[in-house]
Amino acid sequence: MTAARGRAARGREPGLAYRLVPWLVRALWAALPFTVGSALADALATASGPVRAVASTGLWLGWSGGMLASAAPHPIALTALRLLAPAVAL
């Protein structure tokens with residue numbers, strides 16, 4: 001039985017929140033460089049050039065991994081987001 005037929009058999013279609021939440025997560029993750037970027041740049045301002053370069057590269061790789069994970073509707077992608085999201089607060 002397919003998922004669509006299973007929902008139809010139960011008489012329920014996914015609601016607006018079910019379709020809206022993944023897009024909200026994607027939009028919020030895409031906004032991170034604009035909202036948190038200046039604070040991270042200020043935190044790295046006193047570090048040496050190589051340290052800033054490595055930290056910046058790591059931050060961009062983490063952000064792009066989170067963006068990729070938010071675009072993939074798979075349990076592994078959700079796990080990746082759950083691991084990356086708290087790192088933003090550090």
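**Pockets, a helix pair and an aromatic pair**

Analyst: The largest pocket holds about 440 Å³ of space. The model is predicted, so local features need pLDDT of at least 70 and side-chain atom pairs pLDDT 80 or more, while totals for chains, interfaces and linings use all residues. Residues are numbered from 1 along each chain as its sequence is written, and side-chain values use heavy atoms, without hydrogens and water.

User: What makes a space a pocket, and what makes a residue part of the lining?

Analyst: On a 1 Å grid over the protein atoms alone, a pocket is an open set of points with protein on both sides within 12 Å along at least five of seven lines, whereas a cavity is a set where a 1.4 Å probe fits but cannot get out; a lining residue has an atom within 4 Å of a point. The largest pocket has 18 lining residues, with Val 36, Leu 40, Leu 59, Trp 60 and Trp 63 nearest its centre. Helix α4 gives the largest share of this lining, six residues.

User: How many residues of that lining are nonpolar, polar and charged?

Analyst: There are 14 nonpolar, four polar and no charged residues. Ala, Val, Leu, Ile, Met, Phe, Trp, Tyr, Cys and Pro count as nonpolar, Asp, Glu, Lys and Arg as charged, and the others, Gly among them, as polar.

User: How much space lies in the second largest pocket, and which element gives the largest share of its lining?

Analyst: That pocket has about 240 Å³ of space, and α2 supplies the largest share of its lining, four residues. By class, nine lining residues are nonpolar, two polar and one charged.

User: Why is the pair of Trp 60 and Trp 63 called edge-to-face?

Analyst: Rings of Phe, Tyr and Trp (its six-membered ring) pair if their centres lie within 6.5 Å; planes under 30 degrees apart are stacked, over 60 edge-to-face and the rest tilted. For Trp 60 and Trp 63 the centres are 5.6 Å apart and the planes are at 85°, so the pair is edge-to-face. Both residues lie in helix α4, three residues apart.

User: Which residues make the contact of α4 with α5?

Analyst: The axes of α4 (residues 49-71) and α5 (residues 75-89) come within 8 Å and cross at roughly 145°. Contact (heavy atoms within 4.5 Å) involves Gly 62, Gly 65, Gly 66, Ala 69 and Ser 70 of α4 and Ala 77, Ala 80, Leu 81 and Leu 84 of α5.

Conventions: Axes fitted to C-alpha atoms, helices over the stretch in contact; angles between N-to-C directions. Helix = DSSP H or I, 4+ residues; strand = E, 2+ residues; numbered from the N terminus. Points joined across faces, edges and corners; volume = space filled by probe spheres on them.
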